[in-house]
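My notes follow the structure.

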Amino acid sequence: MNQPRITVIGSINMDLVTSAPRFPQVGETLLGTDFRQFMGGKGANQAVAAARLGAQVDLVGAVGDDAFGRELSDGLVQENVNTDGVATVSGRPTGMANITVAEGDNHIIVVSGANFAVTPEHIRQEAQRIIEADIVMAQLETPLDAVIEAAKTAKQHGKPFILNPAPAQKLPQELLELVTVLTPNAYELAISLGLSAEMPPEELIRHSPCPVVMTLGAEGALFSDGKGGLHRQASFKVTPVDTTGAGDTFNAALARYWHLGLQEAVKLACAAAAISVTQAGAQSGMPSEKTLRQFLAEQTENAN
């Protein structure tokens, strides 16, 4: 499957990124060092990352009838993402995210705006994009009832459904039973299942009613094989510049290479995510398939 068709249900945001030497304390005013504006939103990020890796991508989402919305829609088209499923809504601003980058990490506040105009009815109107896809992806920056509708449609038509449960929230059993694989970090899985975040990652995964691929940041990934076994994928060593979008790149690569089997898909997803953190901005560091293959070849050569 050289060019799988992936349908992404998700958010589209403008990311407003401020860099600082450290994170401010509560009530503190701190001078930043830089400000940049990037295309973002988990849905758009995953769509762009998958398209760069060679997938045929449809995005189902919504933007406002404003300058950010037009800029983001144009940018997605330039990235070879099909935006015919993206609605333009009046009366709501395009989604945006305020991101502070410091100390090699990030803090993010998202204002949903038009992303919350993605309704079950919108999903039903765009159902053919799910039916014709090889794999379907979603996150939680759009309303939960729309995500459930997408998952039901995917299940009905035998399409794998990858859910990235971020931002974290308690998930209904109905949705968990529709998911082909859940892709949280440890905190997100605990919240999704209504469990303690103090539980070890392995124990959290064993409590999940659906298969899990857990991202562990610099430690790689931990995943279940659906037969009770747990497996680890080591990370790839890089010098991080900005971790924004790493999880989205991971999810996109997992979907892009799903047909190769879970173990290989997780390996490629970890590698793509590692590359993504070496540049500023959620989408700036997302690799092409050629870049990913070159990176893996260099890693193999350095290991020998």
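Is Thr244 buried or exposed? I find Thr244 buried, at a relative accessible area of 7%; buried means under 20%, exposed over 50%, with a 1.4 Å probe and protein chains only.

I note that this is a predicted model, where local features need pLDDT of at least 70, side-chain atom pairs count only at pLDDT 80 or more, and totals for chains, interfaces and linings use all residues. Residues are numbered from 1 along each chain as its sequence is written, and side-chain values use heavy atoms, without hydrogens and water.

**The site.** I looked up the UniProt record. Its unreviewed entry lists Asp242, Thr244, Ser276, Gln279 and Gly281 under "binding site". They spread over 40 residues of sequence, yet cluster in space, with a largest C-alpha distance of 9.5 Å. Such annotations may be inferred rather than shown by experiment.

I then checked contacts (heavy atoms within 4.5 Å), leaving aside neighbours within four places in sequence. Thr244 touches Ile99, Val101, Asn106, Gly281 and Ala282. Gly281 is in contact with Phe38, Asp242 and Thr244. Gly281 is buried too, at 0% relative accessibility.

I placed both by DSSP runs (helices H or I, at least four residues; strands E, at least two; numbered from the N terminus). Thr244 lies in the loop between β13 (230–233) and α9 (246–256). Gly281 sits in the loop between α10 (262–276) and α11 (289–303).

**Helix α7.** I listed the buried residues of α7 (residues 186–193): Glu188, Leu189, Ala190, Ser192 and Leu193. Their cover includes α6 (173–176), β10 (181–182), α8 (201–207) and β11 (213–215). Gly194 follows α7, with a positive phi near 70°.
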